[in-house]
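Hello,

Please find the structure below. My notes on its confidence, its cavity and its nonpolar cores follow.

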Amino acid sequence: MSDQREMERMREGDIAALGALVERYQTRSLRAAYLVTHDLAMAEDVVSAAFLRVFERADRYNPTQFGPWFYRIVVNDAIKAVQRRDRTTTMDHVEDARSPGDSTDPGDAVTLNEERRAVRDALAELTPSQRGAVVMRYFLDLSESEMVERTGRTRGTVKRHLHDARARLKRLLRATDLDE
């Protein structure tokens, strides 16, 4: 079924429609949230809350394309969650943190390679807004125009977040010799 039909079913109170959307969008949403939060539990909470909010308020929403609209909600909520967390605690880097989709089978578990760890650590050094911009542009493959449309930010703000994020990532990765 189409996403539009699922939204119609949710407006009628059909919880199974939410299940179909969760099945379709959960993995990519969780990865996007994780890339912003660097905390699997927080990412799971963000995505779950976003799906629940969409169901509870389905009568208020009428997106033309569910996926990009939902990913924007998840990224924005992830940014807010990190900002809330950062106001109350310091960001601890957990060396053995796994990203969504990594194997939990000890036989399949492999140490993250240096390049992946360096990129993850460099992303963690960005501000939440910069991380959100990087995730939307390079993970969700949104154009700058789509980012402007979906975030409600000005083109200049989007470009600034991307520029600052790329410049900072370049400096951080150069320090680990991965930018060559």
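Helices here are DSSP runs of H or I with at least four residues, numbered from the N terminus. With that numbering, α6 gives the most to the lining of the largest cavity, namely three residues.

The model is predicted. Its mean pLDDT is 81, with 82% of residues at 70 or more. Residues 90-101 have pLDDT below 50, and beyond near neighbours in sequence the model gives this stretch 25 contacts. Residues 104-112 also stay under 50, with eight contacts beyond four places in sequence. Where pLDDT is low, the predicted coordinates should not be read in detail.

On the cavity: searching the whole structure turns up one of 30 Å³ or more, and the largest cavity holds about 30 Å³ of space. Its lining consists of S129, A133, M136, M147, T151, R153, V158 and H161. At least two lining residues come from each of α6 (128-139), α7 (144-151) and α8 (155-175). By class, four of the lining residues are nonpolar, three polar and one charged.

On the cores: the largest nonpolar core has 40 residues, of which M10, V54, F66, F70 and V75 touch the most other members. At least two residues each are supplied by α1 (3-11), α2 (15-37), α3 (40-56), α4 (66-88), α6 and α8. The largest share, eleven residues, is from α4. Leaving out residues up to four places away in sequence, V75 touches A32, V36, G132, V135, M136 and L140.

Regards

Terms used: Residues numbered from 1 in each chain as written. Predicted model: local features only at pLDDT ≥ 70, side-chain atom pairs only at ≥ 80, totals over all residues. Heavy atoms only, no water. 1 Å grid on protein atoms, 1.4 Å probe; cavity = no way out; pocket = protein on both sides within 12 Å on 5 of 7 lines; lining within 4 Å. Points joined across faces, edges and corners; volume = space filled by probe spheres on them. Nonpolar A, V, L, I, M, F, W, Y, C, P; charged D, E, K, R; others polar. pLDDT = per-residue confidence, 0-100. Contact = heavy atoms within 4.5 Å. Core = buried A, V, L, I, M, F, W, Y, C linked by side-chain atoms within 4.5 Å. Buried < 20%, exposed > 50% of the residue type's maximum accessible area, 1.4 Å probe, protein only.
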